[in-house]
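Reader: I have a model to go through before setting up a calculation. Can we walk through the voids, the rings and the sheets?

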Amino acid sequence: MNDEHTTSPELQPRLVLTPDQWRERLSNEEYHVLREAGTEAPFVGEYTDTTTEGVYRCRACGAELFRSTQKFHSSCGWPSFYAPLAEDRVRYLNDESLPGRPRTEVRCAQCDSHLGHVFSGEGFDTPTDLRYCINSICLDLEPTDEAK
């Protein structure tokens, strides 16, 4: 998983702001998670159990990242998706921050904000063998017209 989903470091984000500019756009908690790769507490995010149909956008830049049709309930405490809207919407980095537990970090390809992590081989009944575990605070849900 880690090697096959690591994005080339040459891929540069299209929206680049200074830390001060990001702080003007984001709350302190949003900044911590999106720009400092923090994590919100499990089971507290606004989208953990949401079933509203629509598109999930990056809270930092507005890029479309996931669709509700790719979301599933994994009981992990964070919103889970089995695939991004398109592979060019996210980028991947190796995350060795937990000793003995390497992970793959998921970032917004547009602004390079931290979104969460992707895991494979967990046995969920989804079209892929992946679970994108994404912090709610990193997302804004834009409901479809039918869901409004």
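Reader: What volume does the largest cavity have?

Author: The largest cavity has a volume of about 40 Å³. Before going on: this is a predicted model, where local features need pLDDT of at least 70, side-chain atom pairs count only at pLDDT 80 or more, and totals for chains, interfaces and linings use all residues. Residues are numbered from 1 along each chain as its sequence is written, and side-chain values use heavy atoms, with hydrogens and water left out.

Reader: And what counts as a cavity or a pocket here?

Author: On a 1 Å grid over the protein atoms alone, a cavity is a set of points where a 1.4 Å probe fits but cannot get out; a pocket is an open set with protein on both sides within 12 Å along at least five of seven lines, and lining residues have an atom within 4 Å of a point. Points are joined across faces, edges and corners, and a volume is the space filled by probe spheres set on them.

Reader: How many cavities of 30 Å³ or more turn up?

Author: One, from a search of the whole structure.

Reader: Which residues line the largest cavity?

Author: Among them are Phe119, Glu122, Phe124, Asp129 and Arg131. By class, that lining has three nonpolar, three polar and three charged residues. Ala, Val, Leu, Ile, Met, Phe, Trp, Tyr, Cys and Pro count as nonpolar, Asp, Glu, Lys and Arg as charged, and the others, Gly among them, as polar.

Reader: Now the largest pocket. What is its volume?

Author: About 180 Å³. It is lined by 13 residues, and the closest to its centre are Thr39, Trp78, Arg103, His117 and Cys133. The elements that give two or more residues to this lining are β7 (114–120) and β8 (130–134); strands are DSSP runs of E, at least two residues, numbered from the N terminus.

Reader: How does the pocket lining divide by class?

Author: Six nonpolar, four polar and three charged.

Reader: Where does β7 sit in its sheet?

Author: In an open sheet of six strands with antiparallel pairing and the order β3-β4-β8-β7-β6-β5, β7 lies between β8 and β6. The edge strands are β3 (71–72) and β5 (90–95), each pairing on one side only. Strands pair if DSSP finds at least two bridges between them, and β6 (residues 103–108) pairs with β7 over four.

Reader: Which residue stands opposite His117?

Author: Glu105 does.

Reader: What's the order of the three-stranded sheet?

Author: β2-β1-β9, open and antiparallel. β1 (residues 54–58) and β2 (residues 64–67) pair over three bridges. Arg57 stands opposite Glu64, and Tyr56 opposite Phe66. The β1 and β2 hairpin has five residues between the strands, and Gly62 takes a positive phi near 90° there.

Reader: Which aromatic cluster contains Tyr56 and Phe66?

Author: The one formed by Tyr47, Tyr56, Phe66, Phe81, Tyr92 and Tyr132. The whole structure has six aromatic pairs; rings of Phe, Tyr and Trp (its six-membered ring) pair if their centres lie within 6.5 Å.

Reader: Which charge lies over the face of Tyr31?

Author: Arg23, at 3.8 Å from the ring centre. The cut-offs are NZ of Lys or CZ of Arg within 6 Å of the ring centre and within 35 degrees of the ring normal.

Technical notes
Phe/Tyr/Trp six-rings, centres within 6.5 Å; stacked < 30°, edge-to-face > 60°.
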